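Hi,

I am passing a structure on to you, and my notes follow it. Have a look whenever you find a moment.

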Amino acid sequence: MKIGQETFFTLELPYRERIALERAVFEGGPGPRVAVVSGLHGDELEGLYVCHRLAGRLEALAKRRPDALLGRVELYPAMNPLGLDTLQRRVPIHDVDLNRVFPGHPEGLFPHRLAHAALRNLLGAALVIDIHASNVYLREIPQVRIARAFEGELVPLARSMNLDLIWVHEAVTVLENTIAHSLNERGTPCLVVEMGVGMRITPAFADQLVTGILSLWQRIGALAADLALEPLGHAPLVADDSNVHYLNAEVSGIFVPATEHWMEVGRGDLLGRIVSPLQGEALGEVRSPVAGVVFTLREYPLVYEGSLLARIMRTGGRP
Amino acid sequence: MTERELLHMTAPMREDFEIPYHDVGPREGLPRVALVAGLHGNELNGVFVLARLAHFLRQIEEGRRKDTHLLGRVVVVPAVNVLGLNIRSRAWPFDGTDLNRMFPGYDAGETTQRIAAALLRLTEPARWRIDIHSSNVDFEELPQVRLYDPSDEERRAARWLGLPAVIERPVNATFSATLANAWRERGGHALVVQAGHAGGLQPAHCERLFRALVDFLERCGVLAGLELAEPDGDVHHFGSGHALPLISEHAGWFASRLEVGQWIQAGELVGYVYDGFRGELRAEIRAPRSGLLSGVRRQPLLCEGDLVARVLTREPVGAIAGTDLMGHGQ
């Protein structure tokens, strides 16, 4: 097995700096090529940690069972390095959401050139996994999000990723400019993972996902079938737009949750209160409209009218 | 003249806030014209011009401008992103959301979706709707109308503004979530106006824009009795694929002496690029084609691949880098 780091994109900045994007490459046999992408948003760190853990597993494999890597693994942990280094979600300077400029263009602005280079490198892979970490406001249970158009091919893959939820969502035009859509519509399967929360890492989620990714790589032949891997401990629920309920704040204030993330809740159960620091009485209560599982929960306490507090997948009958 | 509330909202730690608008002219019936600016809180030209226009319309309504009359109802929303405006932020400041990517909105959704839904409800019934933007803080745009896969009626209405350039663009995925697209999908006229650059006022562009809006109101029959000034010049119509972006392949300092609105010749000098650290001249940027200079970079710091100017050409130049790629002013 050959292990190395490569620069796959550079661009000149105004004052004496050339930004360079790096990937880690683990070259085994001639089998399938697989890739992991993260850090498209500079405030999402969970995927960077997952890449670190995967690199650790592959380095260990190189010592113990180098023959077990049948294909090639590429890790692209920091797609938006300027944003990551300066704690900005979007690409600094151009203030662009990198995951809304795909497929990019070789003669466009910095974000478009970067998107183009990323896509050119990833196209043709047997599988790409794009890891997101929600944002700073919401904490997500480890889940895969799949656009309806690609559900046939992707849901079977997502089922063996050791995650808790698969959310199949309807087409959204603006999402046509994401890396995942650009890859999937060009025939390179790409799974989008959402987990944890922005600006933090959640090691337990990362390890859960690493187990799933290794298992999936084995399934598609990038890792040897006889390589012993830890068994999957999570089987996903499958949500879609018909059974996902959004709870938005009806009043501005401070949201104090009264439930845990990934808890089963009954219809009418208290999920939290919205309070004001100026008075003891709560401004409002938030109750579950359905029986189900809380898979998104507000992490950042301050809320405006309309701020998302929780998403619940209905598991019982219709309300 | 009535000042009304588009939306009243609570804030977590401060007083309640509202998004106000002006409702002028005969109140019976639906608005004929809806004018919107400040979806982005740092695009000040449109906000200023609409506030001034509201004042002008109020004077007419109060009979203080002799022989001039308001014949139709007009709604004027100078600023939608009111929180962003006061703290000088393009995006909705609480969560960084771009308000002009939230349409058609949703009344029970996120704050910005609620704002989008309320704005669309107010403006959608108007026959003519205009959404006014500036570019971003880096790039100055000649006052211009942008049309997206327009109807012939929209092409005609666009000329009523009398702005020097009317530019057609194809609809794309990003545009799908904008106010103008939501208008478009609901029938009627949807015009996007761009003028100047964000983060400041460019008085000459503001004056031109003010006059354009007054001309428009007169020509669509909402204002009567005005003596219109002679137009500044011809209106030039550029079909889709006639916008040529000038891209620098060198980073460093960019400086240009040109003004937007000039016609330039093929080969004419647009600006210089100097090395950021050593200061040496690295490149002269020249126009590869002749045309109307519709935009010039005002931000001197230049990355490789940055847009330095845009030239509108008589002959099609094709979809170079996709016309939607450059900048994100609206």
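Of the contacts in chain B between residues at least 6 apart in sequence, 69% join residues at least 24 apart; two residues are in contact if their C-beta atoms, placed from the backbone, lie within 7 Å. Before going on, please note that this is a predicted model, in which local features need pLDDT of at least 70 and side-chain atom pairs count only at pLDDT 80 or more, while totals for chains, interfaces and linings use all residues. Residues are numbered from 1 along each chain as its sequence is written, and chains are lettered from A and ligands numbered from 1 in the order in which they are written.

Chain B contains six helices and 19 strands (DSSP runs numbered from the N terminus: H or I of at least four residues for helices, E of at least two for strands). The radius of gyration of chain B, 20 Å, is close to the 20 Å from the globule rule for 330 residues, so chain B is as compact as a globular protein of that length. That radius is taken over C-alpha atoms, and the rule is 2.2 Å times the number of residues to the power 0.38. Along the principal axes, the C-alpha atoms of chain B fill a box of roughly 60 × 50 × 35 Å. Buried residues account for 52% of the 330 in chain B (buried: 20 or more other C-beta atoms within 10 Å of the residue's own, all placed from the backbone).

Helix 1 of chain B has 18 residues (44-61) and should span 26 Å at 1.5 Å a residue, which agrees with its end C-alpha atoms being 26 Å apart; the expected span is 1.5 Å times one less than the number of residues. Its buried residues include Leu50(B), Leu53(B), Ala54(B) and Leu57(B). Just after this helix, Gly63(B) has a positive phi of about 75°.

Now to the two chains together. Their contact takes 35 residues from chain B and 34 residues from chain A. On the chain B side, helix 3 (111-123) and strand 18 (301-302) each supply at least two residues, and helix 3 gives the most, with three residues.

Lastly, chain A is assigned domain 1 (2-238) and domain 2 (242-314), with bounds from an automatic or database domain assignment.

Best wishes

Methods:
Buried ≥ 20, exposed ≤ 12 C-beta atoms within 10 Å, placed from the backbone.
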